[in-house]
Structures are given as structure tokens and as C-alpha cells.
Amino acid sequence: MTLRRIQISQPSMGEEEWHAVREPLTSGWLTQGPKVAAFEKVFADRHDVAHAMAVTSCTTALHLALDAMGIGPGDEVIVPSFTWVATANAVLYCGGTPVLCDVDPTTYNIDIASMKSKVTENTKAVIAVHLFGLCADMDGIRAALPASVKVIEDAACAAGASYKGRPAGGLGDAACFSFHPRKSITTGEGGMLTTDDAALAERANMLRNHGASISEEQRHQGPQPYLLAAFDELGFNYRMTDVQAAIGLVQLAKLDRFIEERDRRARYYREALADIDWLRHPQPPNSGSHAWQAYVMYVDPKRAPLARNEIMGKLHALGVATRPGTHSVHMLGYYRKRFGHQIDDLPGARDCEQNTMAIPLHNRMDDDDYKYVVDCLKRLDSGNA
Ligand SMILES: *Cc1c(COP(=O)(O)O)cnc(C)c1O
């Protein structure tokens, strides 16, 4: 077996992205402008949602969504613990309290019974994370909550995913996407806030641009040069640049092809590795489509020949990059110190942090790369690595 180097993730960029940035760079319109507007329009259409607002990241999209909903001190927002830290941090940025609940280790998504047990009279919202591209059970979540509680999708990993035939992005009161290079389409950094709620969209739109009542573009094109915007709210600068949006438009046109290929590769892993009984494969969606932001396996600690970290070390030595699925927020130092969480408080999330292992799955790998990953895991299984 000749040694290969396979990265955990690699963005897929080509000549088209290179050409696409020419126009904003030469036109002089660099910040949020016509390219952002076009990107938003195509993104909203693809995800079947009325409003889409491009921002600097999924983190700032989450902050904007919560802020536009009026979340503040005294308000509780329920967040599944097994997620990227940003999901919970966004609640703290608003002065609200993130209340962490457990996840289901078979889907890696929110455990509805645990979520329900955390609801109090102060609960204002739940952030349903579509982790690694699998949509959370949105109908089950909605049905378990009082009608006044808002549901926000953390769709950072779920561009192009669907749930019961409906795309992510319009499944709750608002949704937040990421275009970080670890996600399936990227603009370097970047995010998108989507909603069907016109009033929420209007507030978020104003808040992303310093709280200004009119946009720079409107001012630029308007006939009244003396006009200044009104600033009646405390806003932020979370605008995406037109350079990023030009790249985003090209990437978005490739999204369905990227997902189709990832889905095919995921099926290959599932079949080729079926005989390894200590590796559990990620759950395919009951009805809908997985976006496969990552292929995250669960290493059964009772059956595996080695501890997960040793397995990851051996794969690294063979040139195959792996990562833990993600961390559990209740186990992170800042959250433990501030909220007194104990590691065993949320056993599902604890086990997911300790036992998950993402293996390479992205659009820059070829047939031989996938076969190599499979061969390495089989060698480990037979004790030859
Ligand atoms: C990547 C990610 C984020 C953060 O996205 P950024 O665009 O980097 O801010 C938030 N939540 C989840 C679940 C993620 O995977």
C-alpha cells in the first residue's frame, strides 16, 4: 500500500470562482451590493424561503436572529450540547442564558425528551442544530414546545439538506447557514440568515448594517444626497462583501452536484465498511436528504480493538486525517466555570464527544482516496496497522 495524504476537508474552488471575483474587484463596489443581493436571491430560491440575508458568518447570523427576536437578559434559549461552541456563544452575546440539553447519539441531533425537560416559563427559543448535515426532527421539536417558543435552525452544516421534502432554511422561525471552508460551499468566511417572517427579516436587515434605517446602496442610488439614515436601534456591522458573494454565487451553483457526489461516497463507506462491527455509521435521514458536511462515525468503545484516540493516531500515521465529530459545549472550560456543568450531566453529548470520529469526505477526493481510507480502516480492524 503506497502512503497517501488525505485531508479531512478541502474546499472545492476552480477557475469559475477566480473569474467571478473580477467584476466586483474592478467595478469598485466591494461591500454589500448587487452581488450580495443576487446571492441572497438564489440562496432563498434554492432553500424555498422568502428572505435571505448574507452576513459575515453563521455565528453572526445566529446573533442577529436572536437579537432580532428580542432575546435578552433573563431569557433562556435551549441549545443541544454537542455542537460547535458558536451556537451557545450567540445566546450569551445577547445577554441571554444558553440552557444546554442532551443529544441522541444515533443522530447526533437534539434529544427531544431532554429538550422538553429544560423548558421553563423563561424559555424563549430553541436552537435546533442540523449537525453534520442531517436535519433535526423539526416536527417533533415543534410539537414538544409551547407555541410561544421560537425555533431557530442552526443550519451551518445543512445548505442543501431537506426534511420531509422541505429544504432546511424554512423549517423554523429563522435559520442560520455557514460558508466557512469546512462546510460544503464556502466564501472564505460567511453566513446566511433565512426566514419566512417579513417583520423579522426587516429587523435583521437593519441590525446587520449598524441599525441604519436605509442601506448604503439605497443612499448611493437615491436622489436626495442630504439624506442620512435614522439609527433607532443598536446594530452591528455584519455585512458580507460583494467579493465573497461573487464566490458564493458560483459555489451555490455547484451545491447540488457536491451533495450528490458526497451522498454517493457516503453510500460507498457504508457498504465497504459494513463488516467492521465496532464502527457505527451516521444515520441516513428517515425522509429527506443529508447534506454530508462530514462523515462522522461512532467508535463503539466496548468493541473497538483500540481506544478511539489510538485509532485516530494510527490513521494519522497512514496519512488519513480524522477529527472528533465536534466538542460538547457543557464540557468546555468557559461553560463549566460559568455554569458549573458536570461532564456526566449530559451523557449522550459526553459520549459523542469522546467516541465520534469524522473520516475524510469532500469533493476533492477521488476513487482511490476513498478506497485508501477503507483499506486503512480494514487493516486496523484486522490488527495489521
Ligand atoms: C461551523 C458551525 C458554526 C459556526 O459557523 P461560522 O460560519 O464559522 O461562524 C455554528 N454551528 C455549527 C453547528 C457549525 O458546524
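Biologist: Let's start with H210: is it buried, exposed or partly exposed?

Modeller: Keep in mind that this is a predicted model. Buried means under 20% relative accessible area and exposed means over 50%, with partly exposed in between. H210 comes out at 38% relative accessibility, so it counts as partly exposed.

Biologist: Where does H210 lie, and what is its phi near?

Modeller: H210 lies in the loop between α8 (198–207) and α9 (216–221). Its phi is positive, near 65°, and H210 is not a glycine.

Biologist: Which other non-glycine residue has a positive phi, of about 50°?

Modeller: That would be W292. W292 is in the loop between β11 (288–289) and β12 (295–299). With a relative accessible area of 4%, though, W292 falls under the cut-off and is therefore buried.

Biologist: Okay, and H180? Where is its place, and how does its accessibility count?

Modeller: Look in the loop between β8 (174–178) and β9 (191–195) for H180. Its relative accessibility is 31%, which means partly exposed.

Biologist: What about a strand residue, say M53: which strand does it lie in, and is it buried or exposed?

Modeller: M53 lies in β1, residues 51–55. At 4% relative accessibility, M53 counts as buried. M53 and F43 are 10 residues apart in sequence and 9.3 Å apart from C-alpha to C-alpha.

Biologist: Now helices. How do I read which way residues point in an α-helix?

Modeller: An α-helix has 3.6 residues a turn, so residues three or four places apart point the same way. Now take α4, residues 58–68: 10 of its 11 residues are buried, so this helix is largely enclosed by the rest of the structure. Among the buried ones are C58, H63, D67 and A68.

Biologist: What caps the N-terminal end of α4, and what follows the helix?

Modeller: S57 is the cap: one of its side-chain oxygens lies 3.3 Å from the backbone nitrogen of T59. After α4 comes G70, with a positive phi near 85°.

Biologist: On to the ligand. Which residues come nearest?

Modeller: There are 15 residues around the ligand, and C58, T59, D154, S178 and K183 come nearest. Sorted by type, the shell has 6 nonpolar, 7 polar and 2 charged residues.

Biologist: How much of the ligand's accessible area does the protein cover, and where does the ligand sit?

Modeller: On its own the ligand has 380 Å² of accessible area, and the protein covers 90% of that. As for its place, the ligand sits in the largest pocket.

Key. Residues are numbered from 1 along each chain as its sequence is written. This is a predicted model: local features need pLDDT of at least 70, side-chain atom pairs count only at pLDDT 80 or more; totals for chains, interfaces and linings use all residues. Side-chain values use heavy atoms; hydrogens and water are left out. Buried means under 20% relative accessible area, exposed over 50%, partly exposed in between (1.4 Å probe, protein chains only). Helices (H or I, at least four residues) and strands (E, at least two) are DSSP runs, numbered from the N terminus. A polar contact is a pair of N or O atoms within 3.5 Å; within protein, one must be able to donate a hydrogen and the other to accept it, and residues adjacent in sequence count only if both atoms are side-chain atoms. A residue is near a molecule or strand if one of its heavy atoms lies within 4 Å of it. Accessible areas come from the Shrake-Rupley method with a 1.4 Å probe; for residues, only the protein chains shown count as cover. On a 1 Å grid over the protein atoms alone, a cavity is a set of points where a 1.4 Å probe fits but cannot get out, and a pocket is an open set with protein on both sides within 12 Å along at least five of seven lines; lining residues have an atom within 4 Å of a point. A molecule sits in a cavity or pocket if more than half of its atoms lie within 2 Å of its grid points. Ala, Val, Leu, Ile, Met, Phe, Trp, Tyr, Cys and Pro count as nonpolar, Asp, Glu, Lys and Arg as charged, and the others, Gly among them, as polar.
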